[in-house]
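Please keep the model open while reading.

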Protein chains: 2
Amino acid sequence: MPAKLSAGYGTMTLTAKPIQHHYAYHQIAEEIQAQILRGDLKPGDQLPGEAELGVMFGVTRSTVREGLRQLESDGLVHRPSPRRLEVTVPQADQLTTRAGRAMALMKVTFRELWEVTMVTEPLAARLAAQHATAEEIEQLQHLHADLLASEGQMARTIALDEQFHTRIADMGKNRVLGLAREPIALLLFRGFAKIAPFAPQFYKRQIEAHSNIIAAFRDGDSERAEKWARMHIEDFWRGAQLAGLEDAIALSPRAVT
Amino acid sequence: MPAKLSAGYGTMTLTAKPIQHHYAYHQIAEEIQAQILRGDLKPGDQLPGEAELGVMFGVTRSTVREGLRQLESDGLVHRPSPRRLEVTVPQADQLTTRAGRAMALMKVTFRELWEVTMVTEPLAARLAAQHATAEEIEQLQHLHADLLASEGQMARTIALDEQFHTRIADMGKNRVLGLAREPIALLLFRGFAKIAPFAPQFYKRQIEAHSNIIAAFRDGDSERAEKWARMHIEDFWRGAQLAGLEDAIALSPRAVT
DNA sequence: TTATGCCTTATTGTCGGACACTAAATGCAA
DNA sequence: TTGCATTTAGTGTCCGACAATAAGGCATAA
């Protein structure tokens, strides 16, 4: 994306895309990536060895390797074993990790996370109510039971709560929503650890909300599912307010490693 | 994330996290990343040269380089010039690119994009109405004028429309929303190119919606801004329906390169 | 036959050294 | 001080090499 630079010259805006170098390793990564995006290389395809790639591109193995390292961390290729190098579609958890890291480094606040979560979770619940299968609802019920059983074990409770919400998002069968909400929900819910001590009574409210959401799923009542999800997240916010965390920074270094 | 393997043995479920190797280059990337996340290295800090890093970690320069390439494409470090290697916070457009690529490769449908956009854009509008400065609204007005002037030039119209929405999101001062919606909006709006030919009359509706949104901003009326944003996106959907694109795959190879 | 263990071989991960090129630091002139 | 020339350190790329080992082939056992 071109960098925009607006100096005080009227409404003039100079956009200049930074000139890109032509480093060999970069070109190699670029070229292979292009072939993947173009569909010439499909997920699952195996790539030639490093040496062979070297001769194909007319560079040394060292150079090829640097390019591959980039593609690798881009998630476009991966090595099931050191010997196999195959094309793959970027994994969701990888994107989640990156986004989470970025948000942590940007020092986003709980408010920012919450504002977005306020729309994503209700949407997830609504979609789930529309698309969930009986079996999925059953599984969710199990998860809920586990969560009930985890009372007192903070870490476990949080992990299960995260899972609960992620599961709901998955039930909605919308991969875009799944991708978008995951890193956000992760950071936000993880903050629950800081809130919980301030508000023991919220635990019960959370449980109640979960129950009602599940019930709404059973009835295929998307309106109700959405409403309870919204209340659920609102509740969360009240907890954050009590804890005075509204504009606190939601960093979670461990959300990554 | 551990791979789950449930063979037909009752309800037994074996979970096994794939063992991870400890390649030197990977460890180096890992270590530096950890120091960044931990805050030992702050954005802007300059890192030692490759050779020096080599001796510090007790490996060859080649090995260091491979590690750096990873960090580089993770966006945690970058080179303003080949000589400077400094810590940086991941840039939004980098994440956008990633996510966009991933969604394209996942072959997400317009429906999936739209369902999410239906909640993100209204939220963006509401937040913008609350936080926008007079100057920002002024700039948005200019952008709108440019958009009006671009009638007929499909590519330009789309680009400006994208900008219009992104600008609104920025005005809401919520970086999380900005990060989450950008790749989605990009893919969706870019699909407008396919819709437009089917629905010339929609152009006017879009313009009208934009005008109303700006007006709502002027009045600081977040409700109205949100409502118009929602209608705006709904309109878009109707266009998609006319074009029969609801479950079409929204790939955008060029969204990347 | 199928399955199991062994062996060979192709590749990887890492190393060390080398060299051209150039950005940045340095010194010098104005 | 500012502007220019010069040195220098560090990057991008290449070459060659070697231990370790996963993959595939082969032989043996069940």
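## Contacts to DNA strand C

In this predicted model, a polar side-chain atom of R61(A) lies 2.8 Å from a base oxygen of DNA strand C, a polar contact being a pair of N or O atoms within 3.5 Å, where within protein one must be able to donate a hydrogen and the other to accept it, and residues adjacent in sequence count only if both atoms are side-chain atoms.

## The surface near DNA strand C

Around DNA strand C there are 20 residues, the closest being R65(A), A24(B), T60(B), T63(B) and R83(B); a residue counts as near if one of its heavy atoms lies within 4 Å of the strand. Of the atoms of DNA strand C within 4 Å of the protein, 59% belong to sugar or phosphate, and the rest belong to bases.

At least two residues of this surface come from each of helix 3 (61-74) of chain A, helix 1 (24-38) of chain B and helix 3 (61-74) of chain B, where helices are DSSP runs (H or I, at least four residues) numbered from the N terminus. Helix 3 of chain B gives the most, with four residues. By class, the surface near DNA strand C has nine charged residues, six polar and five nonpolar, with Asp, Glu, Lys and Arg counted as charged, Ala, Val, Leu, Ile, Met, Phe, Trp, Tyr, Cys and Pro as nonpolar, and the others, Gly among them, as polar.

## DNA strand D

For DNA strand D, R65(B) has a side-chain N or O atom 2.4 Å from a phosphate oxygen, and R61(B) has one 2.8 Å from a base oxygen. The side chain of T63(A) brings an N or O atom to 2.6 Å from a phosphate oxygen of DNA strand D.

## Basis of the values

Residues are numbered from 1 along each chain as its sequence is written, and chains are lettered from A and ligands numbered from 1 in the order in which they are written. Local features need pLDDT of at least 70 and side-chain atom pairs count only at pLDDT 80 or more, whereas totals for chains, interfaces and linings use all residues, and side-chain values use heavy atoms, with hydrogens and water left out.
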